[in-house]
Amino acid sequence: MSSIAEKLRVYTGLMPAVFVIGVFMIVPIMIIFVYSFLVAGDFGGVKPKFSTDAYVQLLFQKNLFDVSEFNPAYLIIAFRSLWIAVVTVLGCLLLGFPVAYYIASQPEDRRNLFLLLITIPFWTNLLVRTYCWILVLRDTGLINGALINMGLIDEPLTLLYTEGAVALGLIYTYVPFMVLPIYAALERLDVRLIEASRDLYANRWVTLRHVVVPLAMPGMIAGSILVFIPALGAFIAPDLLGGGKNLMLGSLVQLQFSSARNWPFGAALSMVIMAVVLLCLYAYARNVRKNGGGVQH
Amino acid sequence: MTSAVKIQALNKVYPGDVTALKSADLEIGDNEFFTLLGPSGCGKTTLLRLIAGFEEPTAGVLSLFGDDISTLPPEKRPVNTVFQHYSLFPHMSVFENVAFGLRRLGRSDKDAKARVEAMLDLVHLTDFAGRKPSQLSGGQQQRVALARALAPEPKVLLLDEPLSALDLKLRQSMRAELKRLQKDTGITFVFVTHDQEEALAMSDRIAVMSAGEIQQVGDPSAIYEHPENRFVAEFIGDANFLNATVAETTPSGTTYALDAGGTLTGPDQGRAKGEAVTLFFRPEKATLSQVGEGPNQLRCTVKDILYLGNSTDYWLALDHVTTLIVRSKNQTDGTVIADIGEQISLSLDPAALRILAT
């Protein structure tokens with residue numbers, strides 16, 4: 001009897017968490033899942049009729065004669081998105097690691113100040129901040145203006161509406177998500193290990209490679225996940241900085257729910273993105289388990 | 001004696017004008033087990049870190065087998081360190097930890113493997129090569145740290161209180177182990193500790209340090225029997241101090257009149273009559289008896305008796321302010337020499353009486 005009461009108490013205690021996860025995660029995902037198997041309504045929304053068309057549409061297209069043929073357009077968008085997300089992760093790693101390392105090597109009171117500074121961009125709306133990059137990158141923008149004024153170039157460089165501009169915007173947006181977990185890992189790092197490494201004939205770079213980076217790896221992986229997932233589905237930076245020709249998955253999804261009015265297709269795209277992300281996380285989790293739970297402190 | 005480490009007028013001042021080392025001069029011989037002994041904050045760890053290269057001297061010269069290494073970074077110095085908390089790389093196996101230095105020196109895989117195996121054999125950890133440091137006990141980690149530091153065959157091995165984190169029994173067995181390792185490898189050991197017993201048991205020579213200064217350098221018995229000043233006398237073992245003036249000097253010995261009353265005779269140490277001196281003797285050098293006989297008798301009252309197992313400490317009041325401690329070996333039958341409150345005679349061999357520089 002008491003064990004039933006015990007269980008009841010445990011479950012009651014878990015209710016708030018179950019409620020939050022259920023209402024804010026499970027239910028919306030279920031709705032997306034259901035919508036992805038329905039038929040698009042004429043003016044948005046869905047008709048309650050089962051169909052796998054949305055998934056077929058990912059790879060195939062009906063031609064004039066109503067015959068399905070392979071259409072790589074969305075696949076290209078998917079690979080472009082993956083590619084840009086990977087570039088974003090690498091960019092954030094290259095930029096975030098030195099920043100995190102620098103902050104972690106500061107005296108304690110200054111570390112907190114720097115961490116506060118890292119969060120400053122979040123105080124302003126993302127849309128506004130991304131717009132500012134247009135001012136920087138466009139033909140008459142800051143960079144081109146400066147280069148022309150210095151006489152280094154005659155014609156403005158095409159910076160805006162390129163994949164590079166998208167990656168830059170994404171790196172700018174997500175680099176704090178990389179800095180913070182790497183900082184957390186480096187902050188726990190015992191400086192005496194660095195001394196031990198130097199003592200054993202490793203110079204600064206070798207120490208960085210063989211001691212600091214491996215020990216910061218959990219933070220780097222956590223940061224990479226935190227950057228990769230939103231970068232894959234991002235649509236503000238791709239929309240504003242990539243122009244029309246560099247469509248990414250996030251923009252594509254957004255398009256389906258707005259002007260294209262194809263909710264089932266947007267839902268199907270979302271499910272596919274989620275599946276890809278889950279596969280990546282699964283691979284990571286398996287890797288961590290294999291390595292005995294990562295680094296122990 | 002070839003000097004392995006030679007420091008000349010070495011100074012270390014930390015930001016904020018904290019002097020950690022005041023113009024130290026020291027020579028450490030090749031193949032010597034040398035100990036830097038002192039309380040925390042005395043500068044012994046700073047001196048070790050200066051030799052390792054983790055700190056840069058503010059002034060002075062530091063040379064290793066004749067080469068000035070004052071400005072070399074730690075990775076360029078042929079010295080290795082056993083750290084106080086071992087500082088093993090947590091992401092590497094025991095094998096990789098020990099191989100770390102060898103790989104940095106560019107040894108071939110085959111060479112490194114043979115050397116690591118020899119080192120693990122030396123510290124009896126052959127079966128643990130594949131483990132991670134977190135899977136080892138404190139004593140085992142300690143031995144891995146030793147193997148790791150010895151593997152690249154350093155010219156000097158620095159040990160920063162390596163035994164302080166171990167429990168008593170393990171610490172005692174590691175003392176013998178370290179001494180054996182030093183003799184077997186022939187490497188100069190510079191050992192830092194605050195534990196005087198450890199220092200006396202292991203060292204060929206000891207430098208006693210206090211407040212950033214080297215107080216005395218000598219072999220363990222010289223440090224114990226002939227301390228040069230009050231700090232050394234007090235820090236190593238227990239000590240009795242008596243203020244006195246020189247009463248009479250003869251070629252055979254000097255007689256001192258104690259401020260607390262009574263006289264003591266000791267060997268002639270070239271002091272002039274009337275000079276104020278501090279006398280010193282070790283608690284175990286004096287004997288107690290009910291009726292005093294022979295030279296150097298002091299009548300005292302027993303204030304306290306501390307039973308220590310193999311010996312007993314008698315706390316004796318010479319007058320209202322002067323307390324002396326006499327350590328007496330315990331008899332098998334458990335007889336007590338005196339009880340608290342009793343009057344007793346302390347007698348001291350004149351040869352055991354020392355004068356300290358104040």
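**Close-up 1: B:Leu158 and its partner across the strands.** In this predicted model, B:Leu158 has B:Val190 of strand 8 of chain B as its bridge partner. Strand 7 and strand 8 (residues 188–193) of chain B run parallel and share 5 bridges; strands count as paired when DSSP finds at least two bridges between them. Getting from strand 7 to strand 8, chain B passes through helix 5 (residues 168–185), making a right-handed β-α-β crossover. Right-handed here means a clockwise path from the first strand over the helix to the second, with the strands pointing away from the viewer. Helices (H or I, at least four residues) and strands (E, at least two) are DSSP runs, numbered from the N terminus. Residues are numbered from 1 along each chain as written, and chains are lettered from A in the order written. Local features need pLDDT of at least 70, and side-chain atom pairs need 80 or more, while totals for chains, interfaces and linings use all residues.

**Close-up 2: Strand 7 of chain B, covered up.** Of the 5 residues in strand 7 (156–160) of chain B, 5 are buried, that is, 20 or more other C-beta atoms, placed from the backbone, lie within 10 Å of each one's own. B:Val156, B:Leu158 and B:Asp160 point one way, B:Leu157 and B:Leu159 the other.

**Close-up 3: Where chain A meets chain B.** Here 18 residues of chain A contact 19 of chain B, with contact meaning C-beta atoms, placed from the backbone, within 7 Å. Helix 8 of chain A gives the largest share of chain A's side, 6 residues.

Key. A residue is buried if 20 or more other C-beta atoms lie within 10 Å of its own, exposed if 12 or fewer, and partly exposed in between; C-beta atoms are placed from the backbone. Two residues are in contact if their C-beta atoms, placed from the backbone, lie within 7 Å.
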